[in-house]
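The tour below says what to select at each stop.

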Amino acid sequence: ETIGIVIVKYNNGNLVDGAKVRLHQDGQMSTQTGYHVDPDLATDWTDTDANGRVEFNFDLEAILNVDIVKYLNNDTLVGTDKIRLLKGTSVTKVVEIN
C-alpha cells in the first residue's frame, strides 16, 4: 500500500482535532508531458483525529496538493502544502495552519 499521512498543527505547535483535509492534483502539470495531471485523483474531505492525524491510501505513487481547512468560532484557518507519496511506503507530512 501507498499511504499518505497528514498531521495538522496550529502555529503554536498544538495538534488540530477536526480539521478537514483533502489531497488532490488540481492545477498541477506533468513535468514530462506539460499536460495537466489527473484531476480525478482526489480524496474526499476527511477530518483529523484527536492527534491531528488523517491517513489516505493509494494504489500508486503521486505528488499531491494538501488543502486543510479548520472552522474555529468565526475564524477560518487554512493550510496548504504538497506531499510526495512513494509506492509501497508510508509518507508523513506535518502541515501548520493559521
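Which residue in S3 does Val21 stand opposite? Select Val21 and look across to S3: the residue there is Thr46. Strands here are DSSP runs (E, at least two residues), numbered from the N terminus.

Before going on, note that this is a predicted model, in which local features need pLDDT of at least 70 and side-chain atom pairs count only at pLDDT 80 or more, while totals for chains, interfaces and linings use all residues. Residues are numbered from 1 along each chain as its sequence is written, and side-chain values use heavy atoms, with hydrogens and water left out.

**First stop: the four-strand sheet.** Select S3, S2, S5 and S6, which form an open antiparallel sheet in that order. Two strands count as paired if DSSP finds at least two bridges between them. S2 and S3 run antiparallel and are joined by 2 bridges. Strand S3 (46-47) and S6 are at the edges with a single partner strand each, so one side of each has no neighbour in the sheet.

Select Arg22, in strand S2. Arg22 counts as buried because its relative accessibility is 17%; buried means under 20% relative accessible area, exposed over 50%, and partly exposed in between (1.4 Å probe, protein chains only). Leaving aside neighbours within four places in sequence, Arg22 is in contact (heavy atoms within 4.5 Å) with residues including Asp44, Trp45 and Asp67.

Move to Trp45, in the loop between S2 and S3. Trp45 is partly exposed, at 44% relative accessible area. With the neighbours within four places in sequence again left aside, the contacts of Trp45 include Lys20, Arg22 and Val69. Trp45 and Val69 are 24 residues apart in sequence, and their C-alpha atoms are 9.4 Å apart.

S1 and S4 run antiparallel, with 6 bridges between them. Thr2 has Phe58 in S4 as its bridge partner.

**Last stop: the core.** Select Val6, Val8, Val21, Leu23, Val66 and Ile68, the residues with the most contacts inside the largest nonpolar core, which has 20 residues. Such a core is a set of buried Ala, Val, Leu, Ile, Met, Phe, Trp, Tyr and Cys residues joined through side-chain atoms within 4.5 Å. S5 gives the most to this core, with 4 residues.
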